[in-house]
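This report concerns the aromatic side chains of one protein model and the contacts between their rings.

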Amino acid sequence: MASVTSLTASVHQRLADALSAALPEAGSADPLLRRSDRADFQANGILALAKKAKANPRELATQVVSAITAPDLIKDVEVSGPGFLNITVTDKAITENLAARYADTDRLGVPYAEHPGTTVIDYAQPNVAKEMHVGHLRNSVIGDSVVQILEFTGEKVVRRHHIGDWGTQFGMLVQYLIEHPDELGHEHTEGQQAGEEAMSSLNRVYKASKVLFDADEEFKTRARRRVVDLQAGDPETLAIWQRFVDESKVYFYSVFNKLDVEIADADIVGESGYNDMLAETCHMLEESGVAVRSNGALCVFFDDVKGPDGNPSPLIVQKSDGGFGYAATDLSAIRDRVFNLKADTLLYVVDARQSLHFKMVFETARRAGWLTENVKAVQLGFGTVLGKDGKPFKTREGETVRLIDLLDEAIDRASAIVREKAQDLSDEEIAERGAQVGIGAVKYADLSTSAVRDYKFDLDQMVSLNGDTSVYLQYAYARIQSILRKAGDVHPKAHPELELADAERALGLHLDQFAETVAEVAAEYAPHKLAAYLYQLASLYTTFYDKCPVLKADTPTQIENRLFLCDLTARTLHQGMALLGIRTPERL
């Protein structure tokens, strides 16, 4: 189905036409239309045009009003102040527009992007043989939501999970396992239990090998020799390294499954995936003069990046001992993503504290000609998860909080609330809803905050039924489903001939903005703006529900029309929450 023109766009076009008629020399002038609390819309563009044309703004505004011919769309236009226009649209236009969105069951009138491209998004990047902690929450949740949003607008999205699967610690781990071959492994269980057993096994090996590494000089020597074997591609060493990777993936998948984030094996391309490109990347940078040797290391210098001593602080691509740093891997990944995956946008969902590193990496890639005006690289940096005390989130013992513990606690809290509210749900249904509500609460708290800002992790607030929480949105959705079930044989139907109450108008005008909101959110990689839109939608629906009886409305046509508003609100909540990666249970 063709996309639906929003009321904002329709009013904008009629005003622009009237402006051109009243002031032909203005050409295609912008009326600067926006939503207003004084009317449905306000246009402020006449003041600047009048000043340019040396005309009286109020007189020009009056001429524009007389040139507007759209009785089906525009009910009233009032000239206000020095030349503002306050515009009210007709009830008929609101209902007809919403009916067109309602008829588009799959997309609710949201158009595909005019010029979709290919975006490679780098997110959800845990480390092999290490537990996922609270710091892994944001890159997974934000990245997953941005993927959903971009794909919904028609963008081709390639997911990349740049896991930490390479480095000197693997020499220690592999050597330990060669000497203690039965230490790694778990029973053949499934799901979270398998994940926890895998992590328990990995933790045991990591701690034991570290103790031995620190205490036994001969083991330390053997471990360092094993790093050389690993980097040289020794088959036995690689086979054992692969066991660590595979065991870690069992654990990763169990955590991501609980977080309701879909991860495909083909999209996991860790640091090791670029090993064969590292030497060539360095050669290309040195050959082109982008990188130079400094004290034996291959470096890229920047005029605006200085160390604490005031001297230039370079990006080190290759160390003086011949080892490759993170920069070599990241630059090789850029080459792969631009030239093999044909990306025109590279999006990195990584901690804002890494912004200097990525600024230097992106600038190096530009100098090398890998990033051009046709290919952009963007870091979607995110802030820190804080405890209630406003400090980085830790356990009482000062340890980093395990992500799985956090999610389990959220589900337990949510399940208690669902059980308290549930009237006709089985234990199995309560468990399922508890997971959907608890995980939704954690995701929404993260996504409703602008990514770059820190936020406090407060489970009491997250699972609250009141305020800006996913639980509030989920209950609004479930309440509508309950109304639709109670309606029985009476079905939602739009009636454009009916007058609308103020609460119906406010809800309808907000529903009309869904497509424009999705487009803005996709362009800015800003899920928090979608969360804000959905919270306002649920709030407007609550006001509508309080002031406008649905099943006890005055006439049969009014019942149908209000059911129609209910159903379109529910569909919009469902679609919007899906784009945030949050479930909307039919009953709560």
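## Aromatic pairs

The model is predicted. The count of aromatic pairs comes to 11. One of them joins Tyr-348 and Phe-358, with ring centres 5.2 Å apart and planes at 45°.

Tyr-348 belongs to strand β10 (residues 345-348), and Phe-358 belongs to helix α12 (residues 355-367), so their pairing ties together parts that lie 10 residues apart in sequence. Both Tyr-348 and Phe-358 are buried. Tyr-348 and Phe-358 also form one aromatic cluster with Phe-362.

## A stacked pair between loops

For Phe-393 and Phe-457, the ring centres are 5.3 Å apart and the planes meet at 25°, so this pair is stacked. The two residues link distant parts of the chain, 64 residues apart. Phe-393 is in the loop between β12 (385-386) and α13 (403-421), whereas Phe-457 is in the loop between β13 (455-456) and α15 (459-462).

Phe-393 has a relative accessibility of 19% and counts as buried, because the cut-off for burial is under 20%. Phe-457 is buried as well, with a relative accessible area of 4%.

## Charges over rings

Arg-35 places its charged end over the ring of Phe-41, at 5.8 Å from the ring centre. The charged end of Arg-479 sits over the ring of Tyr-545, 4.3 Å from the centre of that ring.

Definitions and conventions: Residues are numbered from 1 along each chain as its sequence is written. This is a predicted model: local features need pLDDT of at least 70, side-chain atom pairs count only at pLDDT 80 or more; totals for chains, interfaces and linings use all residues. Side-chain values use heavy atoms; hydrogens and water are left out. Rings of Phe, Tyr and Trp (its six-membered ring) pair if their centres lie within 6.5 Å; planes under 30 degrees apart count as stacked, over 60 as edge-to-face and the rest as tilted. Helices (H or I, at least four residues) and strands (E, at least two) are DSSP runs, numbered from the N terminus. Buried means under 20% relative accessible area, exposed over 50%, partly exposed in between (1.4 Å probe, protein chains only). A charge sits over a ring if NZ of Lys or CZ of Arg is within 6 Å of the ring centre and within 35 degrees of the ring normal.
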